[in-house]
Amino acid sequence: MNRRNFLRTMGLGAAVAVSPISFSACGSATKQTARSGKMNLSFEPYELQLRHAFNLAKSQRTTTPDVQVQIEYDGLVGYGEASMPPYLGESVDSVSQFLSKVDLTQFDPFDTENIHEYLESIAPDNRAAKASVDIALHDLTGKIMGQPWYKIWGLDPKKAPNTSITISWQDDPEEMRREIEETEGFKVVKVKMGLGHDKELVERLREVSDVAICVDANQGWSDKGQALDMCEWLSERNCLFVEQPMPKEMLDETAWLRERSPLPLIADEFLQRLPDVQRAAGAYDGINIKLMKSTGLHEAYKMAVLARALGMKVMLGCMTETSCAVTAAAQLAPMVDWADLDGNLLISNDRFDGIKIVDGQVTIPADRPGIGVELLS
């Protein structure tokens, strides 16, 4: 049974599909006739401005290209977005070209499986573009049902984990100091490594805080011996795990490292979509799910379920994104062990109100239907 039929069988979809009572975009009950409109998709480019330069093992940037998406249906609007850091291989042009081919007027909003099959048929890859449609569809259908997605999935928001806040090496000492100061109040700090200042960055943080850290090497350690030395060094400094320590192509070397590392290894760049979860199980202890890689919430949920079945840890991450995509991902947060949902905090031009971090914990907007965001005026 597909999700559309399941929801209607359970009385969630049917209440709005055939009765004179439906839910408005803010979740309040309003009287109207049965819905009979068509979905209309629109989109526009939107450049994300980073608060600090983002320094990774293989790149540096101060902005992230982004495309904002809306799906309108019978007076309701579902919001989505595509964020495109360089390594995804997508651009504003490629996303715009993909979205210009999408015609949702032929579908009911609850035709979930058919819509995703249709998106796959348009073009291969284009994961962020597909994610933008998926997120907007989840927002829309949640608003039609008048429910947030964590409730539709039966998840308890109080079980959402703490989120990490990300820092990376800054050549300017004052900029480095400010970045470290902004981690105050968080229970976990994510340290970007692979730039040649790995130990120095941790030591700078340790001068002012003993907060737990997690490390993202972004494929920056190409020698397995060096990687093992770093894992052992980090294990003595309150580190929880290491994310993508070695290049994604070095699967055998990563499996070697996993057998010896005192810290769990988490797949990031290696892991894109559902078929990669099974492949990761032999070389990694866990996976990092990101909506821009997984094509959205529909597949991300399946990935989390499969990883659990394989006995793996699950991390929920994000790119630099507005609160739209980050809050959408947060609907899954009660399912995971670790969260890295700080992408909206790293930008200065957020368009949405959504996820909050309260005493370090991911806090999902209570009872807001859909993905839980409101567009700022």
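The partner of arginine 279 is aspartate 276, and their side chains meet in a salt bridge at 2.8 Å, N to O. Aspartate 276 counts as buried, because its relative accessibility is 13%.

Both residues belong to helix 11. They sit three residues apart there, so about one helical turn separates them. An α-helix has 3.6 residues a turn, so residues three or four places apart point the same way.

## The model and its numbering

This is a predicted model: local features need pLDDT of at least 70, side-chain atom pairs count only at pLDDT 80 or more, and totals for chains, interfaces and linings use all residues. Residues are numbered from 1 along each chain as its sequence is written, and side-chain values use heavy atoms, with hydrogens and water left out.

Helices (H or I, at least four residues) and strands (E, at least two) are DSSP runs, numbered from the N terminus.

## Salt bridges

A salt bridge is a side-chain nitrogen of Lys or Arg within 4 Å of a carboxyl oxygen of Asp or Glu. The rule gives 29 salt bridges. One of them joins glutamate 120 to lysine 130, with the closest N and O atoms 3.1 Å apart. This pair links distant parts of the chain. Glutamate 120 is partly exposed, because its relative accessibility is 33%. Lysine 130 is at 1%, so this residue counts as buried.

Lysine 290 and aspartate 268 form another salt bridge, at 3.1 Å from N to O. Here too, distant parts of the chain are linked: the two residues are 22 residues apart. Lysine 290 is in the loop between strand 13 (286-289) and helix 12 (291-294). Aspartate 268 is in the loop between strand 12 (265-267) and helix 11 (274-280). Lysine 290 and aspartate 268 are both buried.

There is also a network. Salt bridges link Glu174, Glu175, Arg177, Arg178 and Glu181.

Helix 5 is mostly covered, with 19 of its 19 residues buried. What span should its 19 residues have? The expected span is 1.5 Å times one less than the number of residues, so helix 5 should span 27 Å. Its end C-alpha atoms are 27 Å apart, which agrees. Just after helix 5 comes glycine 146, with a positive phi of about 70°.

Helix 3 (residues 92-100) crosses helix 5 at roughly 50°, and their axes come within 9 Å. Axes are lines fitted to C-alpha atoms, for helices over the stretch in contact, and angles run from 0 to 180 degrees between N-to-C directions. Helix 3 and helix 5 are therefore oblique to each other (under 35 degrees is roughly parallel, over 145 roughly antiparallel, 65 to 115 roughly perpendicular, the rest oblique). In contact, meaning heavy atoms within 4.5 Å, Val95, Phe98 and Leu99 of helix 3 meet Ala129, Lys130, Ser132 and Val133 of helix 5.

## Leucine 228

Which helix holds leucine 228? It is helix 9 (residues 224-235). Leucine 228 is buried, because its relative accessible area is 13%. Leaving out residues up to four places away in sequence, leucine 228 touches Trp256, Leu257, Arg260 and Ser261. Arginine 258 is 30 residues from leucine 228 in sequence, yet their C-alpha atoms are 8.9 Å apart in space.

Notes:
Buried means under 20% relative accessible area, exposed over 50%, partly exposed in between (1.4 Å probe, protein chains only).
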